[in-house]
Amino acid sequence: MQATLQDILDTVKSNGLTYQQKLMIIGNIAERLFNPMDLLGYTQEEWDHINNQMICDLNEGYAIYRPRYILPDYSVYIKKGCQFLDLPPPKDLDEALDGLLIIYSHVPSITTFPVYIGRLDELLDPFITNEEQDYIKIKRFLNHIDKTVPDSFCHANIGPYDTKAGRLILKAVIELENPTPNMTIRYDKNKTSREFAELAAKACLLVSKPSFANDAYYISDLGEQYGVASCYNALPECGGAYTLTRLRLGTIGRACKTVDEMVNHLLPKVAKLALSTMDKRHKFLVEQSNFFETDFLVKEGFIERTNFTGMFAIVGLADATNHLLKQEGLDETFGKSKRGDEIATQIMEKLREVTNAHQGLYAERTGNRYLLHAQVGASMHEEDKANAPAHRVRVGEEPTLLAHLKQSAPFHQYFPSGTGDLFAFDQTYVDHLDAVVDIIDGAFALNYRYITTYLKNTDLIRVTGYLVKKSEVERFRKGEAVLRDTTWYGSGTDECANVFDRQLRDEQDVKG
């Protein structure tokens with residue numbers, strides 16, 4: 001939404017924000033002071049559908065000066081060093097860790113912090129010489145990131161192969177219990193050792209990371225050179241995403257009286273308007289901001305402009321479906337309704353059709369098509385309370401675990417730039433890691449893209465695609481300033497979607 005000077009003053013006067021958070025917010029406000037109809041050429045109809053909340057641009061801003069998500073190829077530093085920062089190629093682990101930390105501080109994103117810090121185990125494994133000493137260094141490195149990148153959209157990847165560095169990273173992650181960095185294991189049972197998978201599952205239960213990505217599935221869509229960034233956003237490595245615009249499907253659905261009206265009339269109309277705004281944002285960023293002409297990441301090969309694409313996202317599939325079920329006189333809810341799945345599938349098929357028919361701007365890496373994304377939700381407007389994350393079943397309406405996996409799996413096909421489901425397990429699963437990996441293998445056999453688990457009774461909890469500490473959320477709700485900006489988002493998303501209260505999955509639930 002367009003901002004005002006009063007928004008800047010309100011931020012300056014806030015007693016619940018740190019200096020760094022105020023700086024970030026004021027920068028975002030400055031981008032939104034411009035009228036997008038004047039600066040970007042939005043039509044009145046496009047702007048009207050942003051203002052009626054059917055289209056949400058996540059307050060990205062209009063005077064765009066860097067891509068939303070940047071996924072550098074950090075192996076460039078390992079092989080060649082970085083001329084702009086006067087960093088030679090590292091000769092040992094100390095130099096590798098120090099150089100990466102320096103580079104991270106120069107990688108921009110929508111959050112001002114790096115949202116992708118690379119395939120850490122692959123980058124560091126060649127430098128492991130003494131596991132006992134190197135563990136201390138890796139643990140200190142990860143803790144440094146948590147305290148200087150206070151934003152758990154910062155994301156590291158490990159896997160699919162079992163490495164010494166990967167094991168040290170998982171050991172440190174468990175011991176530190178930090179929200180940042182977020183983490184994914186690129187998992188493939190044909191490449192990943194069972195022992196390494198179970199160690200990752202243990203970490204996932206105890207500290208909510210790493211999540212498991214279906215590596216073979218993502219490679220089939222994006223190629224080998226991809227990374228998982230931010231929440232669970234799969235994007236080309238050495239590139240990224242210019243922008244992310246989402247449709248509030250629940251809001252669109254409530255404006256319709258029939259499935260036909262939504263699927264064949266209002267949804268394609270609003271989707272085309274949203275895609276058009278994305279074109280205009282990309283055009284400004286590429287042709288006027290000069291980011292790709294001036295940034296050292298481009299000049300030295302860490303990223304290439306042609307590896308960027310656009311992310312077209314949805315929230316509220318459950319809410320749109322539930323409304324349309326009521327319109328048909330059915331007292332059923334998405335997740336436990338055969339007719340609900342039929343309606344939701346029609347919605348997603350139409351959206352995929354419209355998206356694939358659109359010739360995207362500056363998206364060569366993905367065939368000049370933007371990638372559908374299952375967006376996790378936000379707390380930016382009252383309408384967000386009526387739009388559950390992505391295609392997820394509303395909290396409190398979940399079926400049993402096996403039924404849930406089967407219900408959710410068919411919807412993962414629509415989201416090549418990322419989707420995922422979360423399951424809160426009870427404490428007994430820590431002693432049955434083989435069962436956890438079996439569940440993940442079963443989900444991937446159903447064509448799941450991404451899955452994560454956690455223990456419901458831990459302080460460190462996965463909100464949607466990112467992590468927060470519940471204790472820090474409580475401090476924020478009392479009006480205290482907190483270190484991580486993602487704490488605000490976690491609090492708001494919980495208020496909208498009750499994500500701290502997901503159904504507990506125990507042995508009985510699995511059998512059921």
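Contact here means heavy atoms within 4.5 Å. The model is a predicted one, so to speak of local features a pLDDT of at least 70 is needed, side-chain atom pairs count only at pLDDT 80 or more, and totals for chains, interfaces and linings use all residues. Residues are numbered from 1 along each chain as its sequence is written, and side-chain values use heavy atoms, with hydrogens and water left out.

Arg449 sits in the loop between helix H19 (433–445) and strand E12 (450–455); helices (H or I, at least four residues) and strands (E, at least two) are DSSP runs, numbered from the N terminus. With 1% relative accessibility, Arg449 counts as buried, a label for anything under 20% relative accessible area, whereas exposed is over 50% and partly exposed is in between (1.4 Å probe, protein chains only). Leaving aside residues up to four places away in sequence, Arg449 touches a group of residues including Phe212, Tyr217, Asp221, His412, Pro416 and Phe444. A polar atom of the Arg449 side chain lies 2.7 Å from the backbone oxygen of His412.

Turning to helix packing, H4 (residues 44–51) and H13 (residues 259–287) meet at about 110 degrees, with their axes 10 Å apart. Axes are lines fitted to C-alpha atoms, for helices over the stretch in contact, and angles run from 0 to 180 degrees between N-to-C directions. The two helices are therefore roughly perpendicular, the class for 65 to 115 degrees (under 35 is roughly parallel, over 145 roughly antiparallel, the rest oblique). Glu45, Glu46 and His49 make the contact from H4, and Lys269, Val270, Leu273, Ser276, Thr277 and Lys280 from H13. Lys280 is itself buried, with a relative accessible area of 19%, and among its contacts are Tyr42 and Glu46.

As for the rings, the structure holds 18 aromatic pairs, meaning rings of Phe, Tyr and Trp (its six-membered ring) with centres within 6.5 Å; planes under 30 degrees apart are stacked, over 60 edge-to-face and the rest tilted. Tyr42 and Tyr62 pair edge-to-face, 6.2 Å centre to centre with 80 degrees between the planes. This pair links distant parts of the chain, 20 residues apart. Tyr42 is buried at 4%, and Tyr62 at 0%. Tyr104 and Phe141 form a tilted pair, at 6.3 Å and 45 degrees, joining helix H6 to helix H8.

Technical notes. Polar contact = N/O pair within 3.5 Å; in protein donor to acceptor, adjacent residues only side chain to side chain.
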